[in-house]
Amino acid sequence: MRTATDMLRPTRARLGVLALISVATMLNYMDRAVMGVAAPALTAELKVSPEMMGFIFSAFSWTYVAAQIPGGLLLDRLGTRITYAGSLILWSFFTLLHGIAGNVAMLFGFRLALGVAEAPCYPCNSRILSSWFPQDERARANSVYAVGQYAGLAFFSPVLFWVVGSLGWRALFLIAGALGMAFGVLLYARYRDPGESFRVNSAELEHIRLGGGLTVTKQEVKIPFSWSNVRKLMSKRQILGASIGQFCGNSTLVFFLTWFPTYLATERGMDWLKSGTFAILPYIAASAGVLLGGQVSDLLIRRTGSANVGRKLPIVVGLLLASTIIAANYVQSNTLVIAIMSIAFFGQGMVNLGWTLISDVAPRQFIGLTGGVFNLCANLAGIVTPIVVGLIVGQTGSFYGALAFIGMLALIGAAAYIFVVGDVRRVELD
């Protein structure tokens with residue numbers, strides 16, 4: 001029983017919620033990455049050709065993109081707790097099933113299923129930001145959970161490779177899947193929306209409300225889906241501009257997740273595995289970009305009172321930094337190449353702030369659907385970018401045009417945030 005004095009002192013239950021989604025997001029990206037770690041041993045055992053392995057890698061993005069709007073719809077209908085926990089348990093189950101795959105068809109099917117199951121994760125994160133955090137805390141909260149997707153890529157790899165070397169590639173999937181399923185149960189047990197949580201007091205709820213946080217009731221979320229609502233969302237310049245910008249920024253991320261090791265090996269003659277810490281510096285820089293972007297954004301909002309300055313300026317600066325990847329075409333030193341790549345990926349990390357912006361502008365009754373549409377546009381880069389880069393490299397025998405393509409997209413993204421997004425304010429559908 002809380003005393004009157006306790007009630008005057010806000011609890012900090014939202015920090016516990018932030019810890020939950022930080023771990024969930026880290027598991028999300030780990031489960032995407034384990035296929036790359038397992039690939040050498042997996043392809044040898046199952047006799048998978050490089051061409052077929054490329055299709056297996058791409059299968060995740062196709063279904064992940066296709067399921068974004070349905071995932072957002074599911075979130076709007078069922079609410080955060082059931083949708084997030086169910087998604088986590090389901091995607092972890094499909095990760096586990098990779099470990100029992102006996103042929104290419106099974107692997108391909110499990111990758112398709114994984115993409116569908118992971119689709120609601122980021123729309124759920126967006127709703128949680130809107131529900132639990134005042135506007136001037138959202139960017140920092142976003143940076144805390146999002147940094148895991150970058151830091152994990154840099155620091156998890158040695159552990160994952162050790163598991164494969166010691167226990168085999170099948171054990172990697174089994175362990176990763178079992179951990180995720182267990183955490184999904186924990187998330188279901190621990191998470192509640194602000195109005196239903198027994199860990200939050202009235203003072204914290206008032207702090208969230210006065211800061212622009214939204215407590216979405218069950219009655220509010222049950223809104224019938226229609227494609228006309230999707231069209232209305234995309235007719236709003238804030239959502240359209242942010243979606244274009246996020247697609248462009250995400251293309252830099254996709255390059256680093258897919259073609260960067262090949263670029264170092266073929267264009268620069270560097271051994272990805274032997275280069276060690278030197279080669280993971282861009283990933284560390286991206287982690288710093290995520291954290292700094294969130295801190296600077298919330299600081300700017302407190303200092304200026306302007307969401308336009310606080311949200312858009314760091315993203316635009318990040319996209320301009322990402323465009324510097326083009327400079328790698330004009331230097332000979334591998335040290336300078338890594339420095340340029342680190343600056344570009346640092347900038348891309350700042351672009352992750354787009355998720356905070358979209359949580360600021362999404363219509364109250366369509367937060368889940370807006371997050372799904374936004375994530376769909378952002379993750380189209382996972383389909384388009386690898387194919388375009390592959391075609392350029394295949395036709396020219398060089399990454400020169402590919403880096404120019406990535407850099408130009410970053411500039412287009414900056415232009416979208418400057419000229420298309422307009423005022424950062426919560427929009428209403430007519």
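Phe 345 is buried, with a relative accessible area of 0%; buried means under 20% relative accessible area, with a 1.4 Å probe and protein chains only. This is a predicted model, in which local features need pLDDT of at least 70, side-chain atom pairs count only at pLDDT 80 or more, and totals for chains, interfaces and linings use all residues. Residues are numbered from 1 along each chain as its sequence is written, and side-chain values use heavy atoms, without hydrogens and water.

Student: How many aromatic pairs does the structure hold?

Tutor: Rings of Phe, Tyr and Trp (its six-membered ring) pair if their centres lie within 6.5 Å; planes under 30 degrees apart count as stacked, over 60 as edge-to-face and the rest as tilted. On this basis, the number of aromatic pairs in the structure is 16.

Student: What is the angle between the planes of Phe 256 and Tyr 283?

Tutor: A pair of aromatic rings is described by the distance of the centres and the angle of the planes. For Phe 256 and Tyr 283, the centres are 6.4 Å apart and the pair is edge-to-face, with the planes at 80°.

Student: Is Tyr 283 buried or exposed?

Tutor: The relative accessible area of Tyr 283 is 5%. Tyr 283 therefore counts as buried.

Student: Why is the pair of Phe 256 and Phe 345 stacked?

Tutor: The ring centres of Phe 256 and Phe 345 lie 4.1 Å apart. The pair is stacked because the planes are at 5°.

Terms used
Buried means under 20% relative accessible area, exposed over 50%, partly exposed in between (1.4 Å probe, protein chains only).
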